[in-house]
Amino acid sequence: MLFVKFLLAMLPIIWLIAALSGLKMAGHKACVIAMLLSMVLAAGYWKLDMMCTVTAALEGILNALWPICLVIIAALFTYNLTLKTGAMELIKKMLAGVSRDKRVLALIIGWGFGNFMEGMAGFGTAVAIPASMLAGIGLEPFSAVLGCLVVNSTPTAFGSVGVPTVTLASVTGTEVLPLSASVVLIQCILTFISPFLMVCICGKGVRALKGMLPMTVTAAASFTIPWFLTATFIGPELPDIIGSICSMGCMIAAAKMFNKNPDEAYAITLQEESRNSRKNNHKEISQSISGSEALKAWSSFLLIFVLLVVTSTLCPPVNKAIAGIKSTVTVYAGEGANALSFSWVNTPGVMIFVAAIAGGFIQGAGIADMAGVFAQTLKKYWKTILTICCVMAAAKIMSYSGMISDIAKFLVAAAGPFYPFIAPLIGAIGAFVTGSGTSTCVLFGGLQSETALALGLSPVWLAAANVMGAGIGKMICPQGIAIGAGAINAQGSESKILSAVFRYFLLYVIVAGIICFAGSKMGFYT
């Protein structure tokens with residue numbers, strides 16, 4: 001009976017995998033069908049009445065629109081507005097002034113800046129903004145998205161100023177600092193190897209590491225070490241932020257030391273430069289852009305950083321003053337309904353919009369320009385919005401009906417003493433369905449810790465495995481892939497992205513399982 005429930009509960013997930021990878025169906029179409037399939041199963045087999053089924057879907061849609069889609073549209077609006085004002089062209093020149101080697105730029109933007117955006121905002125910004133920037137400066141767009149999806153798997157636990165890990169501590173009843181230390185320990189190997197994979201992806205193979213080892217080791221170590229120390233001794237709020245700032249500084253310095261003469265096979269070419277001036281381009285750029293011009297070009301992104309820091313828990317007076325500006329409603333009509341909160345000011349999407357508008361004025365854009373860019377952004381990315389809404393609706397239906405719980409119960413029963421090996425996989429399934437590290441912690445955090453106690457294992461260690469799996473699962477979740485496709489203006493290519501990223505997902509989930517199993521046998525955090 002449990003196996004039958006497992007198979008039926010897995011049908012929406014199996015459909016998404018088959019539709020995106022096998023049938024090559026567009027993401028928004030596949031996700032609409034997945035939502036309808038979950039509604040039929042929930043109402044027909046799990047006996048969730050129609051009102052509860054519809055309100056569960058509505059809760060998912062509202063949660064998708066605010067704050068997830070809000071953040072994504074804000075991030076893409078920011079990028080598109082910098083294109084409109086010409087600021088992005090100056091940013092491209094400045095980045096090319098650091099290095100013309102696309103592998104170096106992939107590390108600085110995709111790894112360093114991407115981890116920074118995850119630590120500050122999360123909700124897809126760590127894929128949307130870096131991928132669009134990398135494509136904008138001349139990297140192959142598909143590789144840019146693929147690389148950002150892969151490396152975004154490890155900073156998820158401490159994203160949005162530590163929200164997933166703080167939430168996990170609350171759900172499991174564990175202390176935050178020991179859990180934070182356990183999370184960073186279980187993830188440190190995958191975190192360290194991520195920039196090496198970024199170079200291979202953007203450089204089209206392992207050969208891309210030739211001449212890049214000092215630079216890549218610098219990128220890995222300069223993030224992982226401060227990230228590890230911060231999570232272990234301070235807590236989950238700052239690891240991504242401190243690690244990424246240290247890493248970006250070290251990478252820029254390392255680029256000057258180790259990458260003075262980049263391999264021309266991996267060099268980017270700016271559209272406006274002539275063929276005769278390419279070799280000396282980085283020298284000319286550094287001399288032609290003044291400090292005020294640079295500050296103006298980067299103003300939107302600098303303001304995003306400032307506003308997110310000032311309004312976060314890192315600045316308690318401001319955070320407390322605006323935290324109460326919210327509405328809380330209960331949408332789901334059945335038992336066990338979760339309150340849905342809408343923070344009207346203190347949410348990353350609002351801060352990004354404010355920063356983008358202020359930056360637009362600084363860069364010389366008028367209100368009409370901004371309105372036009374905003375309208376074009378909505379028109380261009382409506383399929384991405386639809387995809388995310390349908391995924392979140394399906395996730396809520398599966399959660400409230402008991403489908404998610406039945407999937408997890410079967411995996412626990414089937415694995416027995418080898419459960420630690422599949423603990424990250426359960427977290428990955430949660431992230432595939434919800435697209436959120438925080439939601440995955442709410443769904444499966446309690447299950448993981450309770451199972452650990454039943455098996456005589458550390459509940460902290462398996463809780464950490466859950467959030468590690470959540471980050472890995474975000475590689476292949478439909479909404480994350482839709483964000484990536486939207487970032488490079490390639491809606492409809494979701495199946496191609498999924499097929500390419502799935503091999504990295506398998507690698508990460510297998511390595512994560514081995515690490516989790518070995519750690520449980522060694523008695524970590526018992």
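Predicted model: local features only at pLDDT ≥ 70, side-chain atom pairs only at ≥ 80, totals over all residues.
Now color the helices: Lys396 sits in helix α18 and Glu59 in helix α3, so you're looking at a link between distant parts of the chain, 337 residues apart. Both partners are buried. Side chains of opposite charge can pair when their charged atoms come close.

How many salt bridges does the structure hold? The count is 4, so let's visit a couple of others.

Next, pick Glu118 and Lys474, another salt bridge, at 3.8 Å from N to O. Glu118 lies in helix α5, while Lys474 is in the loop between α22 and α23, so this pair ties together parts 356 residues apart in sequence. Buried or exposed? Both are buried.

Then jump to Asp101 and Arg103, whose side chains meet at 2.7 Å, N to O. Asp101 is buried, at 0% relative accessibility, and Arg103 is buried too, at 2%.

Time to go back to α18, this time for a cavity. Select Val391, Ala394, Ala395 and Met398, which are among the residues lining the second largest cavity. Helix α18 gives the largest share of that lining, 4 residues. The space inside is about 70 Å³, and its lining has 11 nonpolar residues, with no polar and no charged ones.

Last stop: Met133. Along with Leu107, Met133 touches the most other members of the largest nonpolar core, which has 176 residues. Helix α3 supplies the largest share of this core, 17 residues. Show Tyr79, Trp298 and Phe301 as well: they are among the residues in contact with Met133.

Key:
Residues numbered from 1 in each chain as written. Heavy atoms only, no water. Core = buried A, V, L, I, M, F, W, Y, C linked by side-chain atoms within 4.5 Å. Buried < 20%, exposed > 50% of the residue type's maximum accessible area, 1.4 Å probe, protein only. Helix = DSSP H or I, 4+ residues; strand = E, 2+ residues; numbered from the N terminus. Contact = heavy atoms within 4.5 Å. 1 Å grid on protein atoms, 1.4 Å probe; cavity = no way out; pocket = protein on both sides within 12 Å on 5 of 7 lines; lining within 4 Å. Points joined across faces, edges and corners; volume = space filled by probe spheres on them. Nonpolar A, V, L, I, M, F, W, Y, C, P; charged D, E, K, R; others polar. Lists of a residue's contacts leave out its neighbours within four places in sequence.
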